[in-house]
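Subject: Structure handover

Hello,

Here is the structure I promised to pass on. Please open it alongside this note.

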Amino acid sequence: MLTCALAIFFFVMALIFAALYRPPNPSVCGRNESGTRVWIWGLGVGFPLVTLAALTAYGLFIGERLLPREAPDLVTVQAQARQWAWTFRYGEDRAIATDGVLHIPAGRPVNVEITSTDVIHSFWVPRLAGKLDAIPGHVNVLRIEAALPGTYGGQSAEFSGRGYREHVFTVEAHDAASWATFLAEGTQ
Amino acid sequence: MTLPSPASQPRGKALRLHLALARIWASDQRIRGWFTSSNNNDIGSLFLIVATSFFVIGGILAMLIRAQLATPDSAFMEPQVYNQIFTMHGTVMMFLFAIPFFEAMSMLLLPGMLGTRDMAFPRLGAYGLWVYIFGGSAVIIAMLMGLAPDGGWFMYPPLSSAAFSPGIGADVWLLGITSIEVSAIATAIEVIVTVLRYRAAGMSLSRMPIFAWYILVVSVMILTAFPPMILGSLLLEVERALNWPFFQVENGGDPLLWQHLFWLFGHPEVYIIFLPAAGMIATILPVMARTNLLGYGWVVAAAVSLAVLSFGLWVHHMFTTGIPHMGLAFFSAASTLVAVPTSVMIFSWIGTLWKGRARMGLPMLWIMGFFATFVIGGLTGVMLAVVPFNWQVHDTHFVVAHLHYVLIGGYVFPMIAAIYYFMPLLTGRTRFFKLGEVAFWLVVPSFHITFLSVHMAGLLGQRRRTWTYDADQGWTALNLVASIASFVMAIGFALTILDVAVNAFVAVRGRRNPWGAGTLEWAGAIPSPAYGFASIPIVQGRYPLHDDPDLALHIARGEGYLGDASRIRRETLIVSTARGEPLQVVVLPGNSVLPFLLAVVTSTSFLAPLFDAYIVAGLALVAVVALALVWAWGLGGRVDEGHVDAGHGAMLPLASECRDPPGWWGSVFLLLADGVHFGSLLFGYAFLWTVAPNWPPHSYLQPQLWAVIVALTGALALTAGPRLAVRAIAKGGTAWPAITLGIVGSLALAIAAASVMLDRPGPARHAYDATLWLLAGHVGLHTILSAIMLCYLAARVAAGYASPARIGEAGIVKLWADFTVATGLVALAAAWLPGAFA
Amino acid sequence: MIDILRLSLPITVWLAGFSAVYALQGLSCSRHWPADLDARQVLLAAYAVAIVLQLIALLAVLYAPSKARFVQTTATVLAATALGAAVWTLMPVLATSVCL
């Protein structure tokens, strides 16, 4: 996307500079009728339509793949935001709770049910997925999946007042064994 | 004063006409003249100076932000202060600088471009100016007292609700900004009526200068985009003040309602800011390229479609709020689609450059700065329209950089070009000191260094609105570079302002039309005299000065329409909307302190609630109505003049003796804004009903038969009354029985509305009850307005201000009554239907 | 006034249709939607209606032309743009998931 954008930018700039510093004999594009055809129809309408159709379709295709669909070994966790902390809950009856650290199994799709108890926040773990807002009264579901076990940084990404900068959390992705241990210890 | 100075012609006639007109149109030369003038030159200049001052204030705030972000773990500001600073930077730049600045430019230039003598409603323009000055100053003073809002310039509740933002910061924002929006709506109405009706003879729609098209489109956008925001502010303010729970989930509200209302305004706002600048480019660039605009009609079509498309984009600011993917996809597709009309404009301009022979010069330089910057802003905008990409960079510095590319590149740079281009016209002087080039080369490169760094920081994950960052986050170098370059940019902007100021006051006198432009604003004397044109030009093409190089002379000699000052009043021409045929002669009001006084009481009614002075606010509101009536009473006349000589053998009626005087047109467009406001309220109601978590309420309002009957009867009477009154006045008969019928009708409708409130006491209980009160309040307000107008009409008839010819006022009252009936019935139906079917 | 409507109405119809389909989609994911009604089919029908409305608007502009040539050309371009915009912006109805 960046390369294409740069190419378009330099193309437009080249057209402008060519216009400013070209020899004074009027070219084909100079006359009004053909000028309209080239500039308005060709470059003004045709060019962006083609590029944008491709880009939009691609974006929507990717977007569809990121949606929280049904999956065989899906894990669901709850993320509850408040000024300026996160509480995560796990298990069938949400009996296990952790503050500030979200535990997930690696290599399995995870649905995060995001909500808030006070103002609007946003759940964002840049390396795992895009962001999704935590809105009081609403539950938004975000699909994340960590390929490998490890620790991932997360943060709130919607301005929430004084403590916004410190409103961060971490995601701990476990391998199968330690995920089982985590669930077992939590239920005790 | 530079007078037309043709070599061989006798000057006597032009000079006599100039002196006579100058006397008629002069503003008071004493200090009080500042407060009583309504001339577009005076109002526009004041507007421009005040808007520039706010730009300076906003710029200082920006420098404070960059100073804070220059180094990691900065101790320069605390988060509480930083939050106020960035909120105010956005607010000041968007509301106090960007919109008023182009309004100022249009007030200064539009009458000249259109070939008329002043704006359509000079006093309304003055009123808008003063409301803006008071509202803007109040917001700034609050900031200096440390009471500024600190929730970000889009003020999302619940963060901006009373529970999380106690204190008056948020109220300052809501009330101050709303008063400025009222001012913008006043100006927009003035611009629309001016463009549609006040033009040179023969200036059909296809011959209008391109800027007039752009500013017409923008003004209609203001009328349709600001009302949702005004409604949002109203809802949030009553929630804060009276606890009506529109955004509180537990009582049936929903914070997402605010986001919808805000971005319904906020996205079109971006184009409201960009399009006037685009209009300036489309005006300036062809002249600098010594040719005409390529594809004029295409550019007009692109501007109109861009304007309408921009209303279908608001959700793209809400991609991360959990809206289903199909909903996002609609807005993603629409967001990429707006790139098409934008690109039509861009390529039309580049094609114009190819068609002509470009010359450089400071205006052109700034336009090149626009291209280099805006194209990047547009491309990053397309990136942001792609949903998955947006999910990552939303609320990071990438978005910050994108919007600065669009707004500074797409608005500030072209507006500086416009200032330099029109300086000979506005000040009568040609640039002499060449500080401007230095300033340009300081601003544009450092702008790119600053905001390319900010783009990068955003891609590396720096969130916007965080007051500082850690040294190990990897953003230190980028931020330092951005800060240093931003200071260079600030110096460049300061030099630009200095350059303009110095040249405006001390540079050498210039000659008329230095750029060789073809449009009418260059056909008058420079600097433009108060009366604009000595006579209303007659045009046969899009570029009248190219068609007739001696046009300026003919105008100055009074050879156009109304080139006769013997009636000693401020007259100008009204033409037919599409074809520009002369239709009416309108008499514009003279100097008056009324607009200033009305602005004082209006601002008082807005600002008094900040200090819980509700009684003062109520009294001020009464004073608003009283002064408005005094204002209206002073217009019009008691005798029929019949047709007057407009020159060229045309005998035209006075506007006050027509069925569609400018006031009627103004009312139509004010009611458009009012209708959009009402529509937004219905949208909010439907939105809460559909998605708010704690719905349905415990019970729905059960309609009572008597109230329904009263409402229907009242509606019938209020429809019939004004119609019969118009007919009676047209026939010279007695109008008061019909007017009384109308008043009774409006009172009946008001009673029906009151019954809704009485049946559901306690609007603070549930968002449903609060919405019912607002619906009923809408009906109540409009029925009271209708009743006041009808009483006023009765008084006017009794005092002899109405006649079969002077019937325009009655038509205006009829218009308002019809609107009251239509929206009143819809509002009551919306209140009653859920209960009737539940 | 009629000329102003010629210029502005077709594209305003697009805005209305676009907003209506979006509202319908929102409704289809809300508690008010009957469970046995297939949202996709209703949305597809709405998409078709929106396109038909734009076609009618375009034909209206073509068959009730303005006297001013400029207005007529611009109005035709705008009505065609509105038709294209309706087809393009509501296209997601065909493919993307409705309520996820």
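First, a definition: two strands pair if DSSP finds at least two bridges between them. Helices (H or I, at least four residues) and strands (E, at least two) are DSSP runs, numbered from the N terminus.

Some ground rules. This is a predicted model: local features need pLDDT of at least 70, side-chain atom pairs count only at pLDDT 80 or more, and totals for chains, interfaces and linings use all residues. Residues are numbered from 1 along each chain as its sequence is written, with chains lettered from A and ligands numbered from 1 in the order in which they are written.

Strands of chain A

Start with strand 8 (residues 140-144) of chain A. Five bridges link it to strand 5 (residues 110-116) of chain A, and the two run antiparallel. A:Val112 has A:Leu142, in strand 8, as its bridge partner. Side chains alternate along strand 8 of chain A. A:Asn140, A:Leu142 and A:Ile144 point to one face and are buried.

Now strand 6 (residues 121-124) of chain A. A:His121 and A:Phe123 point one way, A:Ser122 and A:Trp124 the other, and all are buried. Strand 6 of chain A has two antiparallel neighbours to look at. Strand 7 (residues 132-134) of chain A is joined to it by three bridges, with A:Ser122 opposite A:Asp133. Strand 9 (residues 150-156) of chain A pairs with it over two bridges, with A:Phe123 opposite A:Ser156.

Domains of chain A

Chain A divides into domain 1 (29-65) and domain 2 (75-187). The bounds come from an automatic or database domain assignment. The centres of the two domains, taken over C-alpha atoms, are 41 Å apart.

Interfaces

The contact between chains A and B takes 56 residues from each. Residues are in contact if their C-beta atoms, placed from the backbone, lie within 7 Å. Helix 2 (32-65) of chain A gives the largest share of the chain A side, 18 residues. That side divides into 34 nonpolar, 15 polar and seven charged residues. Nonpolar covers Ala, Val, Leu, Ile, Met, Phe, Trp, Tyr, Cys and Pro; charged covers Asp, Glu, Lys and Arg; the others, Gly among them, are polar.

Five residues of chain A contact four of chain C. The chain A side there has three nonpolar, no polar and two charged residues.

Core

The largest nonpolar core holds 384 residues, and B:Val217 and B:Ala303 touch the most other members. Such a core is a set of buried Ala, Val, Leu, Ile, Met, Phe, Trp, Tyr and Cys residues joined through C-beta atoms within 7 Å. Helix 8 (residues 255-288) of chain B supplies its largest share, 23 residues. Leaving out residues up to four places away in sequence, B:Ala303 touches B:Trp213, B:Tyr214, B:Val217 and B:Leu275.

Chain C

Chain C has three helices and zero strands. Its radius of gyration is 16 Å, well over the 13 Å that the globule rule gives for 100 residues, so chain C is more spread out than a compact globule. The radius is taken over C-alpha atoms, and the rule is 2.2 Å times the number of residues to the power 0.38. The C-alpha trace spans about 50 × 25 × 20 Å along its principal axes. Buried residues make up 35% of the 100 in chain C.

Best wishes

Methods. Two residues are in contact if their C-beta atoms, placed from the backbone, lie within 7 Å. A residue is buried if 20 or more other C-beta atoms lie within 10 Å of its own, exposed if 12 or fewer, and partly exposed in between; C-beta atoms are placed from the backbone.
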